[in-house]
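Reader: I'd like to learn how to read ring pairs and helix packing in a model. Can you walk me through it?

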Amino acid sequence: MREGSVPERAKAPPNKRATATPGEPATDGRSRSLWFNAPMADDEDRRPQLTRERVVAEALTVIAQGGAQALTMRTLATRLGVVPGALYHHVRNKEQLHDLVLDGVLAEVDTHLDPARPWTERIKVLAHRLRAVLEDHPGVAGLLKLRDPLGPHSLALAEAFLLPLQAAGFRDRDAGLAFFLLVDYTVGFAVGSTRTSVNEQRVRDAAIRAQLHEFFRSLPPERFPALVALGEHVWLDNRDERFTAGLEVLVDGLEQARRSPRRHTLGGDRPRPPGPPEDVNTHSRQPTGTRKGG
């Protein structure tokens with residue numbers, strides 16, 4: 001072909017693209033495609049970073065909404081928008097997750113007590129504080145009945161309960177027994193007497209409560225004499241009063257046992273199992289150290 005026989009076509013160099021400032025039309029006359037706007041960030045980039053704190057906080061929400069039994073690693077991962085395996089970068093297993101949840105909640109219990117106050121008062125103050133925190137976190141008390149956490153705040157709470165008992169002069173074994181009596185009562189009350197339970201909601205409603213009292217009064221007195229007379233005094237909206245009364249009885253009993261001149265252990269003397277006297281060999285039924293025919 002002869003040079004110049006074909007008109008030169010205006011075109012951009014093959015190794016260059018027409019460019020334009022984002023937001024401006026293209027300079028080559030062609031309409032812009034997806035490059036016209038800046039690329040959107042991926043959903044994953046917009047999600048908050050997964051941390052142990054986020055995992056524990058979301059687990060606490062699951063427990064509050066559905067109880068401890070509702071917390072599974074798969075459910076938790078779904079709520080956090082990750083695969084279940086991602087959780088194990090922050091917690092070893094579900095048991096450790098439970099302990100982290102419990103320790104985080106128990107950190108809210110104020111364990112500072114006035115050492116000048118009587119041991120009975122310090123114990124009661126601490127029990128009231130523990131109950132208040134547990135009831136602020138529905139479902140956690142039930143989890144605490146299943147787990148015995150040994151995290152730093154759990155240990156601090158145990159220390160706060162044990163110190164007054166030790167200072168009061170309880171024997172070591174009695175102090176341990178008293179500790180669990182107090183904790184079991186407080187945690188058990190929070191488990192069985194939640195604000196959201198059907199029974200509590202029923203007695204909190206004045207109209208339903210009045211109907212319930214009328215029902216007890218209508219029972220046949222020859223069959224239910226106590227319920228007819230006392231039913232309206234039993235089913236009342238008095239959760240705080242019930243907890244305080246029970247705690248008073250428990251602590252008063254511990255104090256009475258501590259002051260008792262006989263000083264039996266709180267659990268009483270363990271009954272001796274049936275069998276021969278302690279100085280008799282249980283295999284030969286002969287005094288220890290004696291051989292048959294010897």
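This is a predicted model: local features need pLDDT of at least 70, side-chain atom pairs count only at pLDDT 80 or more; totals for chains, interfaces and linings use all residues.

Reader: How many aromatic pairs does a search of the whole structure find?

Author: Eight. A pair of aromatic rings is described by the distance of the centres and the angle of the planes. One of the pairs, Tyr185 with Phe189, is tilted, at 6.3 Å centre to centre and 50° between the planes. Both residues sit in helix α9 (residues 172-192), four residues apart, or about one turn of the helix.

Reader: Which ring does Tyr185 form a stacked pair with?

Author: Phe243, with 5.3 Å centre to centre and 15° between the planes. Phe243 belongs to helix α13 (residues 239-259) and Tyr185 to α9, so this pair ties together parts 58 residues apart in sequence.

Reader: Is Phe243 buried or exposed?

Author: Buried, as its relative accessible area is 0%. Phe189 is buried too, at 12%, while Tyr185 is partly exposed at 22%.

Reader: And how do I read helix packing?

Author: Two packed helices are described by the angle between their axes and the distance between the axes. Take α11 (residues 206-217) and α12 (residues 225-234): their axes come within 7 Å and cross at roughly 165°. Angles over 145 degrees count as roughly antiparallel, so α11 and α12 are roughly antiparallel to each other. Their crossing is left-handed.

Reader: Which residues in α11 and α12 meet?

Author: His213, Phe216 and Arg217 in α11 meet Leu227, Val228, Gly231 and Glu232 in α12. By class, that contact has three nonpolar, two polar and two charged residues.

Technical notes. Residues are numbered from 1 along each chain as its sequence is written. Side-chain values use heavy atoms; hydrogens and water are left out. Axes are lines fitted to C-alpha atoms, for helices over the stretch in contact, and angles run from 0 to 180 degrees between N-to-C directions. Helices (H or I, at least four residues) and strands (E, at least two) are DSSP runs, numbered from the N terminus. Angles under 35 degrees count as roughly parallel, over 145 as roughly antiparallel, 65 to 115 as roughly perpendicular and the rest as oblique. A crossing is left-handed if the near helix is turned anticlockwise from the far one by less than a right angle, and right-handed if clockwise. Contact means heavy atoms within 4.5 Å. Ala, Val, Leu, Ile, Met, Phe, Trp, Tyr, Cys and Pro count as nonpolar, Asp, Glu, Lys and Arg as charged, and the others, Gly among them, as polar. Rings of Phe, Tyr and Trp (its six-membered ring) pair if their centres lie within 6.5 Å; planes under 30 degrees apart count as stacked, over 60 as edge-to-face and the rest as tilted. Buried means under 20% relative accessible area, exposed over 50%, partly exposed in between (1.4 Å probe, protein chains only).
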